[in-house]
Amino acid sequence: MTDYKEEQTNEIAALQSIYPDEFTVLSEDPYCFHVTVCSEDTGNEEDETYSATLQFTYTPTYPDEAPIFEVTDDGNVGEEDQEKITELLQQQIEENLGMAMVFILVSETQQFLNNKVDEDKKIQEEVKLQEEEQENQKREEEELKIKGKLMTIESFLIWKESFDKERLIAREKKMAATQSQKLSGKELFERDHNLVDSDMALLDETDRVEVDESLFQEMEDLDLDVEED
């Protein structure tokens, strides 16, 4: 015949030895106690530390019968996590009926809290990575803006140089046309004098016209009647 009381007493002694600061006996008949479970220290002050308090009450035939337990509000986990821990412990109790199981239940709870710390770290790293990506993207956009401005200035200077050359050529053509249209008096005289010299040279090159002087002699012999008014 199993001595359940003895088995329960031996487990209580073992739990007090393993968790000297976290274990508290509330009553002995039946045994009722609670264990404060904390996530393991990661060594990083920025990491969140989670805790949950488990309260157990032995039933008369424990461990062949499941203990009564609850996740109290003494820890810093929320209601949703309390429900998850309850489901986890209920599953472990069913798998470990017939043997002392409180140590297993405490260990599973601590592992749950450790996983929660790891999840928080992962989220923090993802957030940090996202912030870095956004910062890099912002920096790249700023660099592109600056590069775009420099390219615009360079393009403008190239265009301006070409425009200035074209404007200078157009101005020279206009001044040449204006000078040819508006000659000074001296320039006009020299141009006309050159035209006279050119005409005289042309006459010298052609045959001279011979005049018959006898025609003029015959005109003198004619009696011309001049009508007087």
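Where is the place of Asp81? Asp81 sits in helix α2. The model described here is a predicted one. With a relative accessibility of 11%, Asp81 counts as buried, because buried means under 20%. Apart from its neighbours within four places in sequence, Asp81 is in contact with Phe112 and Lys116.

**Overall make-up**

The protein contains 5 helices and 4 strands. Read from the N terminus, the order of its elements is α-β-β-β-β-α-α-α-α. The chain has 229 residues, and 21% of them are buried. Of the contacts between residues at least 6 apart in sequence, 55% join residues at least 24 apart.

**The sheet**

The 4 strands form an open sheet in the order β1-β2-β3-β4, and their pairing is antiparallel. Strands β1 (23-28) and β4 stand at the edges with a single partner strand each, so one side of each has no neighbour in the sheet. From one strand to the next, the twist averages 15°. In general, strands of a sheet pair through backbone hydrogen bonds, in either a parallel or an antiparallel way.

Strands β1 and β2 pair in the antiparallel sense over 5 bridges. Here Glu28 stands opposite Tyr31 in β2. Strand β3 (residues 51-57) pairs with β4, also in the antiparallel sense, over 4 bridges. The bridge partner of Thr57 is Ile68 in β4.

Strand β4 covers residues 68-71 and has two faces. Phe69 and Val71 make up the covered face, whereas Ile68 and Glu70 lie on the uncovered one. Helix α2 lies across β3 and β4, and runs at about 155° to β4.

In soluble globular proteins, nonpolar side chains tend to be buried together. The largest nonpolar core in this model has 27 residues, and the members that touch the most others are Phe33, Leu54, Tyr58, Ile85, Val102 and Leu113. Two or more residues come from each of α1 (4-18), β2 (31-38), β3, β4, α2 (79-95) and α3 (102-181). Helix α3 gives the largest share, 6 residues.

Which residues is Tyr58 in contact with, leaving aside its neighbours within four places in sequence? They are Gln8, Glu11, Ile12, Leu15, Pro30, Tyr31, Phe33 and Val102. Phe33 and Val102 are also named with Tyr58 among the core residues that touch the most other members.

**Accessibility of selected residues**

| Residue | Relative accessible area | Class |
|---|---|---|
| Cys32 | 10% | buried |
| Cys38 | 34% | partly exposed |
| Asp81 | 11% | buried |

Cys32 is classed as buried because its relative accessible area is 10%, and the class takes values under 20%. How many disulfides does the count come to? The count is 0 disulfides, where a disulfide is a pair of cysteine sulfur atoms within 2.5 Å.

Notes:
Residues numbered from 1 in each chain as written. Predicted model: local features only at pLDDT ≥ 70, side-chain atom pairs only at ≥ 80, totals over all residues. Heavy atoms only, no water. Buried < 20%, exposed > 50% of the residue type's maximum accessible area, 1.4 Å probe, protein only. Pairing = 2+ DSSP bridges. Core = buried A, V, L, I, M, F, W, Y, C linked by side-chain atoms within 4.5 Å. Contact = heavy atoms within 4.5 Å. Axes fitted to C-alpha atoms, helices over the stretch in contact; angles between N-to-C directions.
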